[in-house]
Amino acid sequence: MSTAIFSHPDCMRHEMGDWHPECPARLQAIDDQLIACGLANLLDYREAPMAAVSAIARVHTPAAISKVRDHLPPSGDYHPIDADTLLNEHSWQAALRAAGAAIAATDAVIVGEITNAFCAIRPPGHHATPSTPMGFCLFNNVAIAAAHAMQTYGLERIAIVDFDVHHGNGTEDAFSGDPRVLMVSFFQHPLYPYSGVHPTGTTPANLVNIPVPAYTRGDAIRDLVQQHWLPALESHRPQLLFISAGFDAHREDDIAAMGLVEADYAWITRQLVAVAQRHANGRIVSCLEGGYALSALGRSVAAHLKVLAGLD
Ligand SMILES: [Zn+2]
């Protein structure tokens, strides 16, 4: 069993201003924690290539791609896409590396070079819809990699598990109603982007959306995962699992108000590893989404990776 980490220095060169919580220091905090806890020595570090524009275009419209590629500001300046999603001169490059990491990780697990992978990447992706970047996200890394897995390798059953505290509206938009892709998630509700809650009886069959109120703690989340996610995952029998791994439901993270701790992320990861072992030869590609309390982020990623690497 081997676990790789995909990342690239370009992912730290995209930044949206000193005030912005989605900052380069997040990746540094992860690196530092993996070194401090001794995991860094045990993982296979790989440099993320740049995604081809054609791979991004499997999910995103030409207009969405143009909103990033054709609006890079001069050095030291920012171009706002929305109130909290900005470009700097390096954003295009960073976005190509982030999507490229997810694609390369997918290639490596499918051909069997590694069992699973974590992509330590930014910008994150799950709010980016096919038609627009939004919510700190430029391109939807997980959706692009899932589309790549289906189109390049002919996979017929994919699962996307999103445990970020925010609803993955972009991923839902990309795959809603696509029976090949099961998306399971929980998210604090109401909270940005105020999506994912469908009128009773109208949720597309391939989505398991679990809105939860603020102050929900890890034990309640574990019960919901057991009741709702695991049966859906079992019956879908995914050939590959993607994780939109956001760690902003951590109780130390002020961007939302939930109560998960590292042990909860480890527990969730254990359940997903078990599903992957039963149906997918263990294949998991996990991609960083949110997580803004730097110490909690580092510790949570370490707990997640320890389980992925079979070291817990
Ligand atoms: Zn989030």
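Tyr-215 sits in the loop between strand β8 (207-212) and helix α7 (218-236). Its phi is near 75°, a positive value in a residue other than glycine. Tyr-215 is exposed, with a relative accessible area of 68%; exposed means over 50%, buried under 20%, and partly exposed in between (1.4 Å probe, protein chains only).

This is a predicted model, in which local features need pLDDT of at least 70 and side-chain atom pairs count only at pLDDT 80 or more, while totals for chains, interfaces and linings use all residues. Residues are numbered from 1 along each chain as its sequence is written, and side-chain values use heavy atoms, with hydrogens and water left out.

| Residue | Phi | Relative accessible area |
|---|---|---|
| Tyr-215 | near 75° | 68% |
| Arg-237 | about 50° | 43% |

Arg-237 lies in the loop between α7 and β9 (240-245), and it is partly exposed. Most residues other than glycine have a negative phi, and most peptide bonds are trans.

Now for the peptide bonds. Arg-122 and Pro-123 are joined by a cis bond with omega about 0°, and Pro-123 is in the loop between β5 (116-119) and α5. His-189 to Pro-190 is cis too, with omega near 0°.

Finally, look at two helices. Helix α4 (residues 91-110) packs on helix α5 (residues 141-153) at about 40°, with axes 9 Å apart. The pair is therefore oblique, a label for angles that are not under 35 degrees (roughly parallel), over 145 (roughly antiparallel) or 65 to 115 (roughly perpendicular).

Key:
Axes are lines fitted to C-alpha atoms, for helices over the stretch in contact, and angles run from 0 to 180 degrees between N-to-C directions. Helices (H or I, at least four residues) and strands (E, at least two) are DSSP runs, numbered from the N terminus.
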